[in-house]
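Biologist: I am new to protein models, and I would like to learn how to read one step by step. Please take me through it.

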Amino acid sequence: MFPYIFRSIVNQTRRAGTRDIIVIQFSPCSNLDRKNYSLYLSHLYKSSRFAVVGNVSKLVKDFYIIPLPKDSPIPLALTTLALQARTLDENRDSLLLGII
């Protein structure tokens, strides 16, 4: 999914006010996980795309995975979502975030 489509969906959902939006941070658990985590983050970032996870649950309408490299700014759509997103430090490591 292209980032501009994600921003549009988040903004529409926020305006409707009928669903909660949750921001989660993924973390690798082992060295092998760290390597795959970094490769996946790099792939998403270089292709300028966000991942869409399908059929998670009947209770979850949409689930997106977005790359947030350490040198990139936090997207405005995320900074207005939740306290968790607003507290992301600009001096952070690269992250994969889940948006539910």
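Modeller: Buried means under 20%, exposed over 50%, and partly exposed in between, using a 1.4 Å probe and protein chains only. This is a predicted model, where local features need pLDDT of at least 70 and side-chain atom pairs count only at 80 or more, while totals for chains, interfaces and linings use all residues. Residues are numbered from 1 along each chain as its sequence is written, and side-chain values use heavy atoms, leaving out hydrogens and water.

Biologist: How many aromatic pairs does the structure hold?

Modeller: A pair of aromatic rings is described by the distance of the centres and the angle of the planes. Rings of Phe, Tyr and Trp (its six-membered ring) pair if their centres lie within 6.5 Å; planes under 30 degrees apart are stacked, over 60 edge-to-face, and the rest tilted. There is 1 aromatic pair here. The ring centres of Phe26 and Phe63 are 6.4 Å apart and their planes meet at 15°, so this pair is stacked.

Biologist: Is Phe63 buried or exposed?

Modeller: Phe63 is buried, at 12% relative accessible area. Phe26 belongs to strand E1 (residues 23–26) and Phe63 to the loop between strand E2 (51–52) and strand E3 (64–68), so the pair ties together parts 37 residues apart in sequence. Helices (H or I, at least four residues) and strands (E, at least two) are DSSP runs, numbered from the N terminus.

Biologist: In what order do the strands form the sheet?

Modeller: Strands of a sheet pair through backbone hydrogen bonds, either parallel or antiparallel. Two strands count as paired if DSSP finds at least two bridges between them. Here 4 strands make an open sheet, ordered E1-E4-E3-E2, with antiparallel pairing. E1 and E2 are at the edges with a single partner strand each, so one side of each has no neighbour in the sheet.

Biologist: How many bridges join E3 to E4?

Modeller: E3 and E4 are joined by 5 bridges, and E2 and E3 by 2. You can look for the partners: Leu68 has Leu95 of E4 as its bridge partner, Tyr64 stands opposite Ile99 in E4, and Ala51 is partnered by Ile65 in E3.

Biologist: Which residues of E3 point one way, and which the other way?

Modeller: Tyr64, Ile66 and Leu68 point one way, Ile65 and Pro67 the other, and all are buried. With 5 of its 5 residues buried, E3 is largely enclosed by the rest of the structure.

Biologist: Which residues have the most contacts inside the largest nonpolar core?

Modeller: In soluble globular proteins, nonpolar side chains tend to be buried together. A nonpolar core is a set of buried Ala, Val, Leu, Ile, Met, Phe, Trp, Tyr and Cys residues joined through side-chain atoms within 4.5 Å. The largest one here has 20 residues, and Phe6, Ile65, Ile66, Leu78, Leu96, Leu97 and Ile99 have the most contacts inside it. Helix H1 (3–16), helix H2 (31–46), E3 and strand E4 (95–99) are the elements giving two or more residues to this core.

Biologist: Where is the place of Asp71?

Modeller: Asp71 sits in the loop between E3 and helix H3 (76–79), and at 72% relative accessibility it counts as exposed. Ser72 lies in the loop between E3 and H3 too, but Ser72 counts as buried, at 12%.
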